Structures are given as C-alpha cells and as structure tokens.
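User: Got a model open here and want to go through it piece by piece. Can you take my questions as they come?

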Amino acid sequence: MTAGLAQASMSDQPAPRGRHLVDPFGREIEYLRVSVTDRCDFRCVYCMSEHMTFLPKRDLLSLEELDRLCAAFVRRGVKKLRITGGEPLVRKNIMWLFGALGRHLESGDLKELTLTTNGSQLEKYAGDLKAAGVERINVSIDTIDPDKFKAITRWGNLATVLRGLDAADKAGIKIKINTVALKGVNEDEIPDLVRFAHGRGADLTLIETMPLGDIGEDRTAQYLPLSIVRARLMDHFTMQESPYRTGGPARYVRVEETGGRLGFITPLTHNFCESCNRVRLTCTGTLFMCLGQNDAADLRAPLRASTDETLLDAAITEAIARKPKGHDFVIDRGTKTPSLARHMSVTGG
Ligand code: SAM
C-alpha cells in the first residue's frame, strides 16, 4: 500500500493549464465519479434485479490502481472526486483509498472529495470519512416508512441508515439526501421527505428514474416526471427559485416553510447535458464519457502497461476528445427495453 502511495505521489504534479481536459464542445472536465465496486448490500427495485451477477473480484482494479487513476485526473485539472458504486462503503479496505485521496485536498489540487452512499455503513465510517477530508456526502433514501424502505431496497433497514445519518451529523459531515421519485411507491410521501430532510438540516434532491439496466420489470410503471411532483409540491410549500449550484445537474428551490433547499434532477424531462463537466470511471478502469451513452475508453490497459504516466495521459486525452454532446434517454412504452443495458451500479450514480 505504501508503495502505491509513493508511486502515485511522484506523479502528482499538477498539469500546466494547457493540459486541462476540455471536450470538443468546450466543456472543461473538472468532475470525476469513480465507481469502486459494482456490488451493493441493497437491491433497490429500480436499480438492480434481485439476483445480480457481479464482476469477478479479479477483474476489479486494486485500490492502489484506482488511486493512481484518480491522481492522473487530478493532474489534468479535475477538482471534484465522487466515490460511488455499487455501494462504495462495502468495498474492502475502502478507507485506505479515502485516506490516500485526501492528499490532493491537502495540496489544494482537489476542491472536494465526496461520496454517494446508501448509508448502511455510515455509522461505522463517518468519523474516518471526515478525517480523510470528506465534508459533504449524498445519502440515497427513497422513503422514511420502514416497511416501504424494506420493499424498495429489498435488503436494507431504515433504522441502520438513520443511525448512519446521525453518525455523519456527529462527525460534522453535511448531508444531502437523494430520493428517486417512483410512481405509486413514494409519490405521496414526498412532502414528508422534504420536511424530514430539511428538519435534519439536510438538502433534498429528487431524481427521475433513468432507463439504465434490466431490472426484471417494466420501467414505465415506475417513471414519475418531476414536473408533476413539483406542481403537486406547490400545494404544500412556497418554493423560490435558487441560484445555488453544486457543480451537478440539480436545479434548486428554497422552500419557505422549512427554510431548506430542494433540488430537482430531471434527465428525462429536461436535458441537462449542455453544462456537463463530468466523466465516470468504473471499478474495472473503463471510462464512460456520458452516463447515457455506450461509448467508453479502457484506461486499465494503459495503466497496467507502464508505471510511467505517458500512456495513461494519452488515453485520457483521447477519451475526452470523444465525449458526446449529450444523452437521449427514452422511457418508451413501445420498446420496454432499457435505453442502456448497463446498470447504474456499474457506472456509478
Ligand atoms: N449505493 C450508493 C447509493 O445508494 O447512493 C451509490 C450508488 S447508487 C447506484 C447511486 C444513486 O443512483 C442512488 O441514489 C440510486 O437511487 C440512484 N439510481 C440507481 N438506479 C437508478 C435509475 N435507474 N434511475 C435513477 N436513479 C437511479
């Protein structure tokens, strides 16, 4: 492990400005999301089928290799790293990676190291995350009804996640709750989720279901446009448009009654690609330049081919030159098949 760190730090020199990653549409790539495992301890109905086949462990990049890849992006101007999955906190020894990545915060090259989690392991890890420099996290919670929570996640337990939120609060980590709006499942509960999140001092972001991966059921049954959710929320709350941005695709309002922030991520009703500043790395070293397209670049081969960073750097440059303008997700009653065969747990949500 120490060897991995030493090797990575030798090549940690920031790139001159001209080496920054700019795609063919002039968008500067400053945000890397890294899926560190495709495995998860939940089986959310809209995300995975109950019986998933996961990657053999031997196909995964080691944590040292993931660290080296992240360093390569930081050198090229990436300012924000989000660790995701699968469930990132179930990957063995994951705190080593957070600890290692923390050096880019200390050097000032990285502005933010963050995480998207289902919260199941937060009680255990919140203190270590904070110590590594994680200041904000996203926790995915689709319901605060314990029975419904079990039904949606299949394997999850709400009480454990709530203890995780308390642990994150105690550690001084700012929480944003992400909720996927699901027709007939949590649509009546959304005002309560707003009050719950804001009551804890957390932001809440609502997300539309995206047609990613075969989940063994019909997605059109789950799709709930946020335009409808937002219109219904106006019966409960006064919402003021907010200029607040986190560097992501959410658009925010301030809810007057709670004083909290509410975000909307609308990949289907509103195409948010123009300002896309991100790429996604899988745990096997595949770089997806767009969540909603199949084109990808293999970074594992250049990573393993040499300890010198030249090949890897060239592969990253070539990949960014192929970043597409945007996605075109469709949830179509006619086809029923997902727009993309790969699951969100592969690319990282
Ligand atoms: N396990 C972590 C978690 O639960 O947050 C990180 C990975 S999970 C794939 C990331 C986010 O993607 C979660 O908020 C999840 O609800 C969301 N997600 C998964 N499949 C989705 C889909 N088809 N459409 C929209 N969001 C999805």
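User: What phi does G285 take in the hairpin of β10 and β11?
Analyst: A positive one, near 90°. That hairpin has four residues between its strands. Strands here are DSSP E runs of at least two residues and helices are H or I runs of at least four, numbered from the N terminus.

User: Before we go on, where do these values come from?
Analyst: The model is predicted, so local features need pLDDT of at least 70 and side-chain atom pairs count only at pLDDT 80 or more, while totals for chains, interfaces and linings use all residues. Residues are numbered from 1 along each chain as its sequence is written, and side-chain values use heavy atoms, with hydrogens and water left out.

User: How do β10 and β11 run, parallel or antiparallel?
Analyst: Antiparallel, joined by two bridges; strands pair if DSSP finds at least two bridges between them. L281 stands opposite L287 in β11.

User: And which way does β1 run against β10?
Analyst: Parallel, with four bridges between β10 and β1, residues 31–35. Y31 is opposite R278 there.

User: Which residues of β10 are on each side?
Analyst: R278 and R280 on one side, V279 and L281 on the other, all buried. Buried is under 20% relative accessible area, exposed over 50%, partly exposed in between (1.4 Å probe, protein chains only).

User: Switching to salt bridges. How many are in the whole structure?
Analyst: A search finds 21, counting a Lys or Arg side-chain nitrogen within 4 Å of a carboxyl oxygen of Asp or Glu. One of them pairs R75 with E309, 3.5 Å from N to O. R75 is in helix α2 and E309 in the loop between α9 and α10, so this pair ties together parts 234 residues apart in sequence.

User: Is that R75 buried or exposed?
Analyst: R75 counts as buried because its relative accessibility is 10%. E309 is at 9% and also counts as buried.

User: What does D313 pair with?
Analyst: R76, with the closest N and O atoms 3.7 Å apart. D313 lies in helix α10 and R76 in the loop between α2 and β2, 237 residues apart. D313 and R76 are both buried.
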